[in-house]
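Please examine the sequence and the three-dimensional structure shown below. A short report on selected features accompanies them.

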Amino acid sequence: GFSWKLNDHPKLPKGKTVAMVVLDGWGEANANQYNCIHIAETPTMDSLKKGAPEKWRLVRAHGKAVGLPTEDDMGNSEVGHNALGAGRIFAQGAKLVDIALETGKIYEGEGFKYIKESFETGTVHLIGLLSDGGVHSRINQLQLLLKGLSERGAKRIRVHILTDGRDVLDGSSVGFVETLESDLSKLREKGIDAQIASGGGRMYVTMDRYENDWEVVKRGWDAQVLGEAPHKFKNAVEAVKKLREIPNTSDQYLPPFVIVDDSGKSVGPIVDGDAVVTINFRADRMVMLAMALEFEKFDKFDRVRFPKIRYAGMLQYDGELKLPNKYLVSPPEIDRTSGEYLVNNGVRTFACSETVKFGHVTFFWNGNRSGCFNPQMEEYVEVPSDSGITFNVKPKMKALEIAEKARDAILSGKFDQVRVNLPNGDMVGHTGDIEATIVACKVADEAVKTILDAIEQVGGIYVVTADHGNAEDMVKRNKKGEPLLDKNGKIQILTSHTLEPVPLAIGGPGLAPGVRFRNDVPTGGLANVAATVMNLHGFEAPSDYETTLIEVVD
Ligand code: 3PG
Ligand code: CO
């Protein structure tokens, strides 16, 4: 039968304190002026790289190595932390939705049957991120779903868009809205009443995460459900173009708008009897809206109206909460994660980040599971993030506070694993502000130093890695790798993640002599890290885990 018991590692001891440091958005790329990590002073990370070559390597953090459909898919925090924690590669939401649409299975499930009950008399509302970023959603999935809905009897469809500019270039929203408009107009030719009803920038409207700022979700609710917003337009392409002209705004931060008819009435409020689908497959930035749409009891903001709708998520966003209750595609079943194994084998665990990345080292790390496995053995600490700002304004974020919490946890002797996520490279990198991203990288490096110093003091072991690239390349490039210019001759800033590999470093006084990276796993990826870390805790990894990256030579 199944047992949580891990075998002892034949050579490595137990009882060492292991610091597991994840630098968010920290890839390895050529040194040039758009590589913020290279430009920033990062003596700690530099010394790891320049140190013993058998204790520093690169690992893959994008594409198939993390369960994404193709090698053109950049990595992201969800799939990166899933792989780091689970030690195996699971087909991720992006891929599962592709398959469900391709095979038509999506239309046979309980979720679709449920929303279908609204087709005769109600409107079907689709809410989600509109881009081809493939991190939270993908426009071609929306297009296929629209087609599927129209062929299966939906008569009235409203799309509530969230513009991106974070997983894709800023300014690309206009093109995506044009594409969607043209699809909807084709549906209208077929007699289906299909329109965009509302919109707004993803970071200002709807897509907050980990309950950092409920105002963001409220702004979306007002536009999507109540049909109320400060900006009213007759046409969504015009809306996005006009709103982009507001100084200092961008696709990510467009204010909310509603589309109105000739009499000035919003064309698509959500009312009793309607169906709603949130089209994002990724959970972190959709689960707050899911709560507002589904929970009878809700006190995060005044919903004003709570329409009786049939609601389904593209995926189920939280397995514990069963939220939402109905969904179109089953999420990956990430079981037997390294965190659960280690806790069951006596490894006392501390995990910490600030709000905007807290779920990454807890929820995503543990296979999309909220809370800890055993409160007697684990402590998860959330440092409150600043809210209501863009992080280029405060690029230090809470990195030093996170590092201090980790240091204290290490020095306390109460934990065997101390795990953190340092968000700076990613969160500031997403703003596209190169100067601020350089500061961000410097501070993240200082935070790493604080943690490594504590590991030094207690004779422990460190593992330093990243979940995907971001800050190491801030410019959009052509196929040859040359920076791309826009029509005004300015470089096109890359706000998104990258396809780059990430560093993986091990060390510390507790690392047994003779431990080094094997050289027979050149294609190793983030999923190989879990077995590696289990070894450093003195255990063999389960046999179906991706292989360890280390060996012990005598
Ligand atoms: C976001 O949600 O901020 C981006 O789309 C992806 O960033 P993350 O994967 O680093 O969270
Ligand atoms: Co990111």
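The report below treats strands, a helix and the surroundings of a ligand.

## Basis of the model

This is a predicted model, in which local features need pLDDT of at least 70 and side-chain atom pairs count only at pLDDT 80 or more, while totals for chains, interfaces and linings use all residues. Residues are numbered from 1 along each chain as its sequence is written, and chains are lettered from A and ligands numbered from 1 in the order in which they are written.

Helices (H or I, at least four residues) and strands (E, at least two) are DSSP runs, numbered from the N terminus. Strand β9 covers residues 310-315, and it is largely enclosed by the rest of the structure because five of its six residues are buried (20 or more other C-beta atoms within 10 Å of a residue's own, with C-beta atoms placed from the backbone).

Strands pair if DSSP finds at least two bridges between them. Strand β8 (residues 275-278) runs parallel to β9, joined by four bridges; A275 has R310 of β9 as its bridge partner. On the other pairing, β9 and β10 (residues 327-329) are parallel over two bridges, and G313 is partnered by Y327 of β10.

## Helix α15

Helix α15 spans residues 434-458, which is 25 residues, and reaches 37 Å from first to last C-alpha, close to the expected 36 Å (1.5 Å times one less than the number of residues). Just after α15, G459 has a positive phi of about 70 degrees.

The residues around ligand 1 include D24, H136, R166 and H430 (C-beta atom, placed from the backbone, within 6 Å).

Conventions
A residue is buried if 20 or more other C-beta atoms lie within 10 Å of its own, exposed if 12 or fewer, and partly exposed in between; C-beta atoms are placed from the backbone.
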